[in-house]
Each structure stands twice: as C-alpha cells, then as structure tokens.
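Visitor: I am new to this structure. Please take one part and walk me through it closely, then show me what lies around it.

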Amino acid sequence: MKITDIKFAKLSVPLRTPFKTALRRVDSIEDVIVMVETDSGAIGYGEAPATAVITGDTHESIIGAITTTMKPKLIGRSIEDLNDLIHIIQNAIVNNSSAKAALEIAIYDLFAQHYKAPLYKILGGGEPTISTDITISVDYIDKMVQDSINAVEQGFETLKIKVGKDIGVDIERVKAIYAAVEGKALLRLDANQGWTAKEAVFALSKLENAGVQLELVEQPVKGYDLEGMKYVTERVHTPVMADESTFGPKEALQLIQMRAADIINIKLMKTGGISNALKIADIAELHNIPCMIGCMLETSISVCAAVHLAVARSHIITKVDLDGPSLCTHDPVTGGVKFNGPDITIADKPGLGIEQISGLTPIEG
Ligand SMILES: C[C@H](N)C(=O)N[C@@H](CCC(=O)O)C(=O)O
Ligand SMILES: [Mg+2]
C-alpha cells in the first residue's frame, strides 16, 4: 500500500454551549481534516484543531507544514514502513505538533487498515470501551452549578471544572458545584494556567480546608513555569496534573525528574501524534506517574485515535478527558467511536474504522 496523495478539508461543527476557559471562548469546532490516499483505494483520516493559544498552530500553519515539509517526502512511500514514515513526519520541521498529529493519525489508521485490525489491537490490545469526563465551562456560579447538575443527570460521573479566572470567585464556584453534586460526581479542576503559584496554593488549601474533595487540579500556573508547578505540587494535597507544561517526551521526563507534577495529561495535539504519546506513556510508567488522555476541541476523528491509544495503554492512562464530541451538537462521523453519555466504544473495524464524514469542505493544499 503506497501513499499517492494527501488532501485537506475543513470540518465545522457547532458546540451545544460556548466552551469557555481561562484562555479563550469557542462557539464552534473548526478543524482541518487530513486525508492520506493510497494506491489500494484505502484512505487514512487525521484531524487537527487550530489551538493557537496552546500549541501555536493555525489552520494555515497545519496545512502549510504538511504540504511543504512532509508531503513531498511521503508520496510514493509504503505504509508498511511505519517507523520510517513517523521519522519523516517528526523530523520534517520543529514544533507544529498538531500538523504532525493529524498526519501521523492518518498514517497509523492506514497501517492498521493494511493489517486488517482495529488500531488498538495493533498497539497491543485492550478493552474497547472507556468513560470520559465532561467539561463545565467557566461562567457565572449559578450557570456552572446548573451545567454540573445537568451533566450528572446525563450520566457523567466525573466533571472537569474550568477555573483560573478570579481566585475568589473560583473558590466559590468550586464550593457551590461540590455542594450540588457531592457524592454523585468526582470533580477535577482545570485552571488553564490562570493562577500564580501562590494563588493556586491559597485556593486549593482553602478548598481542602473546607472539606471539598478534588480528584486533581490541572495546569494551575503558566505552562513554562515548572518551578511554579513544583511549588504547588509540594504544598497541596490535591494531585497536580501537567497539561500545557508537557508537550513531548522530553518535557515529560524533565517534569517527572523535577517532581513538578503528580500526573501528566497526554494529548495527541501536543505530542505530535501517537508515536510520542506512546513514549510519554512508557516514561510515565517507568516512573509510576499516572496519565490522562486529553483532547483539544476535536471531533470524533482524532478523538477516535486517542481512544485507541488510551485503550491500548490503560494500565498507565487511567484518566480520560475526551469530551470534544460530547460538546458538539452532532457527530459528523459514521464509524469510528460511538458515544453514549460518558461511555465511548470502539467499532470492531480495521484502522480507526471511520466510514464517512459529513459536511467536509475541501481545501487546496
Ligand atoms: C476539551 C477538553 N475537555 C479540554 O478542556 N481541553 C483543553 C483545552 C482545549 C482548548 O482550549 O481547545 C484543556 O485545557 O484540557
Ligand atoms: Mg487542560
């Protein structure tokens, strides 16, 4: 099976409610879909969101990086040579992690299709169903409480509460949500870099002293502030998870060696795809550091790849934040993964199992 072309399309899917974090507000998922065509007729699918405030990637940079630095080296190459193809993608350009992720996902999809097995089986196998949390956007306290109650009624047992705006209001937000759903849902916080280290210790200590039980706090301080992450990790009981502080395996290793976090959030759009995500999982396992599998604002194409990875590494990827498709008004993908409330199930089909994507607008590469 040889690569004959790489094409692009745009996929727009409105969100059910605006997604609001300390960093940004988004009303609609607008992602680049990558389609790798082969001489066998098989197509591999990948996806990349333009999360400029976190990864630095835009639609133009994603398409430009693939078209100018990766595509010319991949056309004519055989899908069976997976490791060579990964090497080409990872070394074609620095950074550009979302572009690398989208293309790698499509190549892994084809590799598994070639061997006629679901991707998670190629990655080592596992139980093909996992459960995700759901995000509660940062908002007025009453709205966040109501959104949390609604999520629990829909069957979600873990809520990812966005904070990181105003420290005083954040404390009240979390207390009010905890009072409303105590005993019915586990709470994890995500400050998306919005606090200083001292603010984080202040807020988390206040919550701990008030008896609020939190599963974890994600990225309390700026991504580059590893000393700040360490400061918080050393001073609070709540486990601290690194998100924006860890992109690839090198950052993961540095973070672990500094003891700057207790948990790592692996996202394909930060790692540059599946190969580096596997490396992080291995490094984390060596150091007994649990991981979360996370996503940006992605539909069930790239989230499908993340599910396959998480299933195949479930002994170290023990936490799941793959709610991108749950936040959308509809799922434009047929095949792939099926969402039923918090539960996500993999189709028993070769590769990612994606059959059709509706609403694609072709883009010239
Ligand atoms: C969608 C997911 N639950 C999430 O919160 N992901 C990111 C933010 C993604 C974005 O801003 O697009 C996170 O910080 O964990
Ligand atoms: Mg996060």
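Guide:

In the hairpin of β2 and β3, four residues lie between the strands, and Gly41 takes a positive phi near 95 degrees. Bear in mind that this is a predicted model.

Strand β2 covers residues 25–38 and runs antiparallel to β3, with seven bridges joining the two. Two facing pairs can be picked out. Met35 stands opposite Tyr45 in β3. Ile33 has Glu47 of β3 as its bridge partner.

Now turn to the other partner of β2. β1 and β2 also form a hairpin, again with four residues between them. Their pairing is antiparallel and extends over 13 bridges. As a general point, strands of a sheet pair through backbone hydrogen bonds, either parallel or antiparallel.

Step back to the domains. The domain assignment gives the chain a domain 1 (3–116 + 358–363) and a domain 2 (121–357). The C-alpha centres of domain 1 and domain 2 lie 22 Å apart. Across the boundary, 44 residues of domain 1 are in contact with 39 residues of domain 2. Which elements give two or more residues to the side of domain 1 that touches domain 2? They are β1, β2, β3, α2 (82–91) and α3 (97–114). The most comes from α3, with 13 residues. By type, this side of domain 1 divides into 25 nonpolar, eleven polar and eight charged residues.

α2 and α3 meet at an angle of about 170 degrees, and their axes are 10 Å apart. The two helices are therefore roughly antiparallel to each other. On the α2 side, the contact uses Leu82, Leu85, Ile86, Ile89 and Gln90. These meet Lys100, Leu103, Glu104, Ile107 and Phe111 in α3. The residues of this contact divide into seven nonpolar, one polar and two charged.

Cross over to another sheet. Eight strands form an open sheet in the order β5-β6-β7-β8-β9-β10-β11-β12. The edges are β5 (134–136) and β12 (317–321). Each edge strand has a single partner, so one side of each is left without a neighbour in the sheet. Neighbouring strands are turned by 30 degrees against each other on average, direction ignored.

One pair shows the pattern. Strand β6 (residues 158–162) and strand β7 (residues 186–190) pair in the parallel sense over five bridges. Within that pair, Ile161 stands opposite Leu189 in β7. Helix α11, residues 274–286, touches β10 (263–267), β11 (291–294) and β12. The direction of α11 makes about 165 degrees with that of β10.

Last stop: the ligand. How many residues surround ligand 1? There are 16, and the closest are Thr51, Thr135, Met296, Leu297 and Asp321. Domain 1 and domain 2 each supply at least three residues of the shell. The shell divides into four nonpolar, six polar and six charged residues.

Conventions. Residues numbered from 1 in each chain as written. Chains lettered and ligands numbered in written order. Predicted model: local features only at pLDDT ≥ 70, side-chain atom pairs only at ≥ 80, totals over all residues. Pairing = 2+ DSSP bridges. Near = placed C-beta within 6 Å. Nonpolar A, V, L, I, M, F, W, Y, C, P; charged D, E, K, R; others polar. Domains from an automatic or database assignment. Contact = placed C-beta atoms within 7 Å. Axes fitted to C-alpha atoms, helices over the stretch in contact; angles between N-to-C directions. Parallel < 35°, antiparallel > 145°, perpendicular 65-115°, else oblique.
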